[in-house]
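Colleague: I am new to this structure and would like to go through it with you, one question at a time.

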Amino acid sequence: MPTTAAGAGPQGMHRGASPAGVDGFSPDVPYAISGSVSVRPETFGALVYDFHTRRLSFLKTRLLVRVVETLADHPDVHGALEAAEVPAHQREQYLKALAGLAKAGTIQLRRQGDTTP
Amino acid sequence: MKLVEHFVEGLTSPICLTWELTYACNLSCVHCLSSSGRRDPNELSTDEAKAVIDELQRMQVFYVNIGGGEPTVRSDFWELLDYAIAHDVGVKFSTNGVKLDKARAAQLAATDYVDVQISLDGATAEVNDHVRGPGSYDTAIRAMENLHEAGFGQFKISVVVTRHNVDQLDEFKAIADRYGAQLRITRFRPSGRGADSWDELHPTREQQRQLYDWLVARGEDVLTGDSFFHLSAFGEELPGLNLCGAGRVVCLIDPVGDVYACPFAIHDQFLAGNVRSEGGFRTVWQDSELFAELRGPQSGGACTKCSHYDACQGGCMAAKFFTGLPLDGPDPECVLGNGERELAKLEMDTVIPKPSLDHSHRTSPRERAGGPVPLTLSVRRPDRACDSDPLAGEGTRLPAGIRVG
């Protein structure tokens with residue numbers, strides 16, 4: 001069972017995360033949680049399981065969970081970060097974490113016209 | 001707080017759990033961790049098993065490792081498999097391959113969210129069958145061929161590392177490559193019948209080192225179930241969770257619905273509750289006193305003074321328990337040899353805990369009435385000079401080199 005940890009915050013593990021803009025991730029376009037992914041809340045954040053790839057990941061802050069869960073409500077990633085009130089000095093870390101999640105397939109590009117899941 | 005510290009304190013649901021569906025098995029492997037063989041009349045019914053699956057879905061337990069016994073000999077196995085998958089509980093099941101004919105292999109290849117793990121404990125029939133029984137190597141290989149031909153994709157080959165097969169790791173990898181499978185190797189533990197075969201089968205200290213070196217050099221795409229964390233004391237930490245997850249992130253549901261802290265700890269001392277009790281599995285997981293204790297601060301005993309304690313965390317609870325070592329003592333396979341030293345120090349009256357359950361096949365035929373009665377002479381010396389009860393001290397540790405029977 002492969003596991004990845006999507007980190008956010010200085011204590012975060014950054015295994016598998018790639019910088020924003022790499023691997024096709026762009027914060028200027030709309031994203032959403034992939035259809036095959038389930039999110040289970042935990043005190044630290046959440047467990048994320050992709051039934052398709054059978055990959056288990058961890059969202060390491062509750063704020064990141066909120067961002068991921070509300071991606072679908074916003075026209076781009078910046079909007080979701082803004083609405084979740086992610087502090088400005090942490091934005092870069094969150095974008096890295098989200099790029100990692102996009103690379104792993106946990107979140108994916110939302111086509112225009114897709115409805116909120 | 002680091003993620004791993006949250007794991008220590010336990011999660012709202014297990015990350016995954018092992019569910020043994022039946023104690024029935026067509027084999028009698030000498031190291032069976034659950035002493036399986038005969039079905040237990042009290043095993044969960046189909047409806048009760050489905051209720052457990054419903055609960056796991058509500059608790060968002062995303063996948064279960066199903067085992068046994070041999071799970072596929074349950075007549076409702078395929079029904080329960082489909083039910084779990086339909087309820088967002090992914091299944092990985094362990095099997096010796098006995099039921100995986102071409103038709104079942106094709107059925108599995110057409111099923112999403114199922115993973116198959118074939119048990120193999122020798123890369124040759126000779127080594128495998130010594131542990132798993134005559135014909136079991138051929139059965140496993142045939143199942144692998146069937147899965148491969150059916151286009152199942154990457155199934156797992158699961159190997160318990162023993163003294164006899166530790167030299168075959170490269171050959172196991174070659175078998176996995178031949179069938180497009182992934183190799184999984186796990187630690188042999190003195191649980192179930194493994195207690196009886198421990199002295200013969202557990203890897204020697206030199207072999208532990210050999211295994212560690214192999215994992216570091218070749219282990220990149222080899223799964224380990226994070227079971228070798230006690231070897232991390234050799235040097236760099238092995239990938240994965242270097243932590244005992246018992247009652248914290250994993251547990252076991254046995255065929256009669258009893259919930260134990262881990263699959264290797266089938267003993268009353270590690271029994272947290274039963275899924276048939278009020279509140280079901282969720283209440284056991286969240287409220288049991290045993291699990292609360294396992295999630296609390298642990299005493300590492302003398303091990304905490306060791307510079308490698310952060311790496312090995314004192315090792316495996318079940319391995320200590322079933323060799324008679326204290327839970328806050330060293331692992332019997334401590335790579336520094338502390339476990340061996342502690343084992344040597346055990347008094348002859350130390351009671352070695354036995355598994356609480358034994359479903360082994362009764363394979364020895366009864367002696368014919370009137371025939372000779374074989375007597376086993378004990379060479380054990382009495383615990384005390386005045387002991388006259390022939391059973392005095394039965395089940396206690398004997399000085400090295402002395403065996404009964």
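Colleague: What percentage of the residues of chain B count as buried?
Modeller: Please keep in mind throughout that this is a predicted model. A residue is counted as buried if 20 or more other C-beta atoms lie within 10 Å of its own. Taken over the 405 residues of chain B, the share that counts as buried is 45%.

Colleague: Which residues of chain B does UniProt list for "domain: Radical SAM core"?
Modeller: The span in question is 39% helix and 17% strand, and its end C-alpha atoms lie 18 Å apart. The listing comes from an unreviewed UniProt entry, which gives for this domain of chain B residues 11–226.

Colleague: How many helices and how many strands are there in chain A?
Modeller: Read from the N terminus on, the elements of chain A run β-β-β-β-β-α-α-α-β. Counted by type, this chain A has three helices and six strands.

Colleague: Where in chain A does pLDDT stay under 50?
Modeller: Chain A averages a pLDDT of 81, and 75% of its residues score at least 70. One stretch under 50, for which the model has 16 contacts beyond four places in sequence, covers residues 1–5 of chain A. Another such stretch, with 43 contacts beyond four places in sequence, covers residues 7–22 of chain A.

Colleague: Among contacts in chain B between residues at least 6 apart in sequence, what percentage join residues at least 24 apart?
Modeller: Chain B has 14 helices and nine strands. When contacts in chain B between residues at least 6 apart in sequence are considered, the share that joins residues at least 24 apart is 70%.

Definitions and conventions:
Residues numbered from 1 in each chain as written. Chains lettered and ligands numbered in written order. Predicted model: local features only at pLDDT ≥ 70, side-chain atom pairs only at ≥ 80, totals over all residues. pLDDT = per-residue confidence, 0-100. Contact = placed C-beta atoms within 7 Å. UniProt positions renumbered as here; feature names shortened; annotations may be inferred. Helix = DSSP H or I, 4+ residues; strand = E, 2+ residues; numbered from the N terminus. Buried ≥ 20, exposed ≤ 12 C-beta atoms within 10 Å, placed from the backbone.
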